[in-house]
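Please read this note with the sequence and the structure side by side. It goes through the points one after another, and each can be checked in the viewer.

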Amino acid sequence: MKNEIINEADLFSKDQPALHNTSGYEDLKAKVENVDCRIGMKHLNENAVSLVLTDPPYFIDGMDAGWDTKKLTARVKDGVVGSLPAGMKFSVDQGRELQRFLTPIAEEWMRVIRPGGFCLVFSQNRLVHRTAIALEDAGFEIRDVLLWRYEGQAKAFTQDHFVRKRKLTAEGKERLIQKLGGRKTPQLKPQGEMIILGQAPREGTFVDNWDKWETGLIDVKDPLIGATQFPGTVIPAKKPRKRYGHMTAKPVNLLQHLIRIFSAPGALVLDSFAGSGSTGVAAKIEGRSFIGYEIETEMAICAQERIEGILL
Ligand SMILES: C[S@@+](CC[C@H](N)C(=O)[O-])C[C@H]1O[C@@H](n2cnc3c(N)ncnc32)[C@H](O)[C@@H]1O
């Protein structure tokens with residue numbers, strides 16, 4: 001099944017009416033294709049998509065273009081990859097590779113998205129600038145950076161054990177350990193993950209654009225998270241307890257919250273990196289159509305089943 005294109009030519013076609021169907025959701029569709037999104041998205045028509053909401057590979061520690069869930073799960077035990085905590089392997093190439101990978105994908109998002117449509121892309125905090133540049137170079141306006149706020153685990157660690165392995169006298173080791181004074185590698189406790197908010201250029205004014213495409217304005221009347229307040233850029237949401245075998249599954253309520261604000265009922269939501277299908281589940285609950293791509297066969301099947309069963 002891998003890389004086979006399950007193309008339903010008329011699914012999400014250009015012929016669908018410009019205005020979204022809001023009279024009941026009987027026409028809504030949700031689908032995950034087991035294919036590289038760079039191939040799959042070519043079958044989407046221009047202006048087919050109202051919202052891109054996606055969580056690309058992070059480009060750290062094997063979570064790159066060669067993402068392999070099984071290999072990753074085997075390597076990571078209690079948040080540790082080999083002898084290094086997950087996410088610790090630093091290289092300046094990671095950001096450049098992420099940008100090289102994302103730029104043509106962002107160009108495809110620009111092709112398929114309606115004028116004024118929003119593009120929300122999760123990003124590992126230390127590579128977030130590369131994500132923003134890829135979107136900007138593809139023609140999106142960067143309107144904001146949101147923060148998914150959670151309580152992570154501290155990953156910084158002391159250097160004492162490296163000192164103990166050094167060929168030094170016991171006194172030499174003790175002197176160095178004293179001098180280091182318990183200092184740790186430079187990672188503060190992670191408490192959030194950034195989401196770049198891009199917007200495709202509008203056609204005319206905000207009003208004209210909404211009238212024609214039903215995109216480009218936000219709906220703040222009924223936000224899911226922090227319901228009594230005007231929705232802000234910091235969005236608290238717990239990491240999901242159930243992750244469907246995916247290391248980086250995102251909370252469905254966070255995705256619902258974003259879908260509600262940034263798309264109209266009946267709109268088509270695109271997730272080019274569907275993983276376990278969290279975005280599709282959220283889209284379905286919120287009465288939006290969904291198209292997702294996932295390169296790993298097992299994950300794609302899991303995502304489709306999850307969406308069909310609306311499994312949180
Ligand atoms: C960060 S995860 C997404 C997790 C997802 N948000 C969830 O809640 O489960 C990225 C996913 O993109 C997939 N992937 C990587 N490269 C891809 C590509 N070129 N096309 C489609 N999917 C890809 C990986 O297999 C991985 O499952």
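The numbered points below start with the sheet and then turn to the helices.

1. Before anything else, please keep in mind that this is a predicted model. The description that follows should be read as a description of that model.

2. How is strand 2 placed, buried or exposed? Six of the six residues of strand 2 are buried, so this strand is largely enclosed by the rest of the structure. Strand 2 pairs with strand 6 (residues 113–123) in the parallel sense over five bridges, and within this pairing Leu-53 has Leu-120 as its bridge partner. Strand 2 also runs parallel to strand 10, to which two bridges join it, and here the bridge partner of Leu-51 is Val-269.

3. Arg-114 deserves a separate look, and its place is in strand 6. With a relative accessibility of 2%, Arg-114 counts as buried, because the cut-off for that word is under 20%. Arg-114 and Glu-214 are 100 residues apart along the chain, while their C-alpha atoms are separated by 8.9 Å.

4. Helix 9 also packs against helix 10 (residues 297–309), at an angle of about 20° and with the axes 8 Å apart. That angle makes helix 9 roughly parallel to helix 10, because angles under 35 degrees count as such. The crossing of these two helices is right-handed. On the side of helix 9 the contact is made by Ser-278, Gly-280, Val-281 and Lys-284, and on the side of helix 10 by Arg-306, Ile-307 and Glu-308. Divided by kind, the residues of this contact are two nonpolar, two polar and three charged.

5. A further helix pair is formed by helix 3 (residues 92–112) and helix 4 (residues 128–137), whose axes come within 8 Å and cross at roughly 35°. Helix 3 passes helix 4 in a right-handed crossing. Among the residues of helix 3 that meet helix 4 are Leu-98, Leu-102, Ala-106 and Trp-109, while those of helix 4 include Ile-133, Ala-134 and Leu-135. The residues of this contact divide into seven nonpolar, four polar and three charged.

6. Finally, helix 8 (residues 252–262) is mostly covered, with ten of its eleven residues buried. The buried residues of helix 8 include Leu-254, Leu-258 and Phe-262, and also His-257 and Arg-260. As you look along a helix, recall that an α-helix has 3.6 residues a turn, so residues three or four places apart point the same way.

How values were computed. Residues are numbered from 1 along each chain as its sequence is written. This is a predicted model: local features need pLDDT of at least 70, side-chain atom pairs count only at pLDDT 80 or more; totals for chains, interfaces and linings use all residues. Side-chain values use heavy atoms; hydrogens and water are left out. Axes are lines fitted to C-alpha atoms, for helices over the stretch in contact, and angles run from 0 to 180 degrees between N-to-C directions. Helices (H or I, at least four residues) and strands (E, at least two) are DSSP runs, numbered from the N terminus. Angles under 35 degrees count as roughly parallel, over 145 as roughly antiparallel, 65 to 115 as roughly perpendicular and the rest as oblique. A crossing is left-handed if the near helix is turned anticlockwise from the far one by less than a right angle, and right-handed if clockwise. Contact means heavy atoms within 4.5 Å. Ala, Val, Leu, Ile, Met, Phe, Trp, Tyr, Cys and Pro count as nonpolar, Asp, Glu, Lys and Arg as charged, and the others, Gly among them, as polar. Buried means under 20% relative accessible area, exposed over 50%, partly exposed in between (1.4 Å probe, protein chains only). Two strands pair if DSSP finds at least two bridges between them.
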